[in-house]
Amino acid sequence: LNALARETGGRAYFPNSIHEIDSVYDRIAEELRTLYSVGYVSSNARRDGKWRRIVVRDPDREGLTVRHKLGYYAPAG
């Protein structure tokens with residue numbers, strides 16, 4: 001689950017007991033309140049079906065946590 005979450009920009013939670021579920025829900029709710037969505041259009045027009053890596057950064061915001069997909073496959077011709 002951690003690998004899948006990392007590759008898709010998500011997060012996995014592993015509560016140790018039923019008593020920890022409420023705190024997991026609280027963390028998820030907090031994250032949803034502070035979520036941003038960013039659109040992206042590649043300038044690479046090649047339709048070669050190759051893997052394209054995505055890098056997201058904001059040098060002006062220290063401490064910012066960015067989770068995103070690691071990349072995508074370009075459309076094939």
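This is a predicted model: local features need pLDDT of at least 70, side-chain atom pairs count only at pLDDT 80 or more; totals for chains, interfaces and linings use all residues.
Residues are numbered from 1 along each chain as its sequence is written, and side-chain values use heavy atoms, with hydrogens and water left out.

So where does arginine 52 sit? In strand E1, residues 51–53; strands are DSSP runs of E, at least two residues, and helices are runs of H or I, at least four, numbered from the N terminus. Arginine 52 is buried, at 12% relative accessible area, buried being under 20% with a 1.4 Å probe, protein chains only. Its side chain makes a polar contact with the side chain of aspartate 48 at 2.9 Å, and also reaches the backbone oxygen of arginine 46 at 3.1 Å. A polar contact is an N or O pair within 3.5 Å; within protein, one must be able to donate a hydrogen and the other to accept it, and residues adjacent in sequence count only if both atoms are side-chain atoms.

Zooming out, the protein chain runs α-α-β-β. Its radius of gyration, over C-alpha atoms, is 17 Å, well over the 11 Å from the globule rule for 77 residues, so the chain is more spread out than a compact globule. That rule is 2.2 Å times the number of residues to the power 0.38. Buried residues make up 9% of the 77.

Terms used. Buried means under 20% relative accessible area, exposed over 50%, partly exposed in between (1.4 Å probe, protein chains only).
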